[in-house]
Amino acid sequence: MFRLFFASSMLFCLAVINSESISGQNLYFPAKAFTNTEFMEKAMPKLAEQVIRLYKQNEDKNRINHFAFLFRLQMLAEKYKEALISIDSARAYLVTKEDKEAYVFPFWAYSLSKSQINSSLSPEVPFDTLFTKEYAKLSDQSAELAENYFKADLSDRQGRYIQMAAKLVNNSIDSISLNDARNLCFAYLNYVVYGAELPHVHDLVRQCNLQKYIIQDSVFITVRDGTKLSATIVRLRKQNDSQPVILTLGIYSSESEFSTARSIASHGYAAVIADTRGKRLSTSEIIPFEYDASDAYDIIDWISRQSWCNGKIGMYGGSYLGFTTWAATKKLHPALKTIVPLAAVGVGIDFPGMYGVYWTDMLDWIHLVSNSRLTDWSRFWDKKKWSNVKDEWYKNGKPFRSIDSIEGRPSKLFQSYLAHPSLDQFWTDMVPCKEDFKNINIPVLTITGYYDDDQRGALYYYEQHHRYNQNPDHYLLIGPYDHGGAQDHPSS
């Protein structure tokens with residue numbers, strides 16, 4: 001789902017690189033602009049015009065790169081109609097209808113709004129009205145791609161421009177190198193466009209989505225022992241009758257799970273994004289793995305009894321969610337018709353370790369999912385801290401089980417997993433095992449990668465299904481993927 005965002009970022013980088021042959025020139029730019037906001041606003045269009053003239057002398061032969069570079073400069077030069085033409089020209093080289101519609105949507109909407117303001121032929125339309133009208137025209141898949149652009153961090157966009165201006169503020173002469181000019185143009189454009197749009201767009205998008213979808217983001221599902229699990233449910237409003245349901249059961253909770261659910265619903269399914277125990281709105285204790293099989297059964301049973309469900313439920317997910325997808329088959333509910341586990345964790349197989357070697361990032365992961373009801377990505381990505389902890393453990397010669405004490409927060413979960421290093425009953429109570437596979441007579445698609453950390457787990461489920469089921473309807477895809485790539489989240 002992020003392919004368009006990454007593709008456009010790469011096109012920008014390529015456009016910058018391919019302009020290196022003219023980068024030795026200096027351009028006029030008043031030094032005063034770096035200390036005066038109003039002066040900067042007047043100076044940037046003139047700078048963009050200079051860059052355009054030079055760029056047209058040495059156009060990028062890759063036409064998408066060419067237009068991706070050009071439309072940004074045209075926007076800064078306040079030539080918004082020309083920018084719209086360049087955006088349309090770039091879109092013509094894209095393959096899918098969704099990519100064509102959603103390509104650089106924030107810049108397209110901004111240019112369209114500005115072109116109307118500057119036009120004597122059409123009445124001025126407020127940006128909010130124009131944006132809502134144009135966003136509502138997008139197909140469901142295109143809207144999903146367009147919305148990804150607006151997940152940009154405004155402070156990051158603003159910070160890049162401020163940081164660049166701070167580096168150039170000491171210029172004592174009224175000139176700037178072409179390389180600096182180019183980088184300043186792009187940083188300033190992001191600063192202006194995202195600064196104008198992001199404070200308003202999220203509410204506008206939500207209003208549009210509410211017109212298209214029935215959104216229930218605070219649903220509670222009570223399981224057999226009385227525990228309440230939270231879920232987000234999204235359905236297309238135009239879908240009046242009951243429909244098949246796609247379910248995910250995951251531990252990586254965030255404040256809003258609408259984006260994932262909308263992606264599913266846009267393809268004509270009812271989407272249910274359920275959270276494991278203790279996550280998001282659930283008030284129970286956070287307990288990974290242990291209750292997921294029984295909870296999945298109860299969630300599926302609850303869904304099957306809703307008026308909007310036609311009795312057919314499919315389940316998918318990657319990594320931990322691949323595990324929960326398999327856990328749901330421990331006792332197969334009649335309404336569960338198919339599963340698609342991606343890079344599925346094999347408990348007792350590749351977690352907590354494999355072939356006698358523990359997963360060294362296990363404690364990092366435990367804190368990631370158990371520090372709070374939402375996923376604690378900030379501490380997880382504090383690689384300096386975790387590197388220091390592991391260096392200290394390695395140097396002092398203590399056993400691996402001491403690493404939680406070294407980190408300063410003894411972990412019961414960590415110690416309990418270390419107590420079961422291989423596939424014993426602790427783990428087999430959580431997933432199908434041996435004879436359980438006989439009853440899994442539904443289509444299964446397993447996806448893993450050559451470089452997937454959980455390849456061994458994924459293949460374990462595949463092998464066991466074929467060993468204990470005489471005629472398994474099970475397909476296997478192994479591709480040139482790492483763990484993220486097997487889940488459609490490539491690392492590069």
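This is a predicted model: local features need pLDDT of at least 70, side-chain atom pairs count only at pLDDT 80 or more; totals for chains, interfaces and linings use all residues.
Local features were kept only at pLDDT of at least 70 and side-chain atom pairs only at pLDDT 80 or more, while totals for chains, interfaces and linings use all residues. Numbering starts from 1 along each chain as its sequence is written, and side-chain values rest on heavy atoms, with hydrogens and water left out.

Two packed helices are described by the angle between their axes and the distance between the axes. Axes are lines fitted to C-alpha atoms, for helices over the stretch in contact, with angles from 0 to 180 degrees between N-to-C directions.

Take α2 (residues 37–56) and α10 (residues 178–212) to begin with: their axes sit 10 Å apart at an angle of about 125°. The two are therefore oblique to each other, the label for whatever is not under 35 degrees (roughly parallel), over 145 (roughly antiparallel) or 65 to 115 (roughly perpendicular). Their crossing is left-handed, i.e. the near helix is turned anticlockwise from the far one by less than a right angle. Contact (heavy atoms within 4.5 Å) involves M40, E41, M44, L47, A48, V51 and L54 of α2 and L178, A181, L184, C185 and Y188 of α10. That makes eleven nonpolar residues, no polar ones and one charged, counting Ala, Val, Leu, Ile, Met, Phe, Trp, Tyr, Cys and Pro as nonpolar, Asp, Glu, Lys and Arg as charged, and the others, Gly among them, as polar.

The axes of α4 (residues 80–91) and α6 (residues 105–117) come within 8 Å and cross at roughly 145°, and this crossing is left-handed too.

A cavity is a set of points on a 1 Å grid over the protein atoms alone where a 1.4 Å probe fits but cannot get out, and lining residues have an atom within 4 Å of a point. D364, H367, L368, N371, D376, R379, F380 and W386 form the lining, with α14 giving the largest share, three residues.

Most residues other than glycine have a negative phi, and most peptide bonds are trans. E78, in the loop between α3 (63–76) and α4, has a positive phi of about 65°. The F351 to P352 peptide bond is cis, with omega near 10°.

Notes: Helices (H or I, at least four residues) and strands (E, at least two) are DSSP runs, numbered from the N terminus. On a 1 Å grid over the protein atoms alone, a cavity is a set of points where a 1.4 Å probe fits but cannot get out, and a pocket is an open set with protein on both sides within 12 Å along at least five of seven lines; lining residues have an atom within 4 Å of a point.
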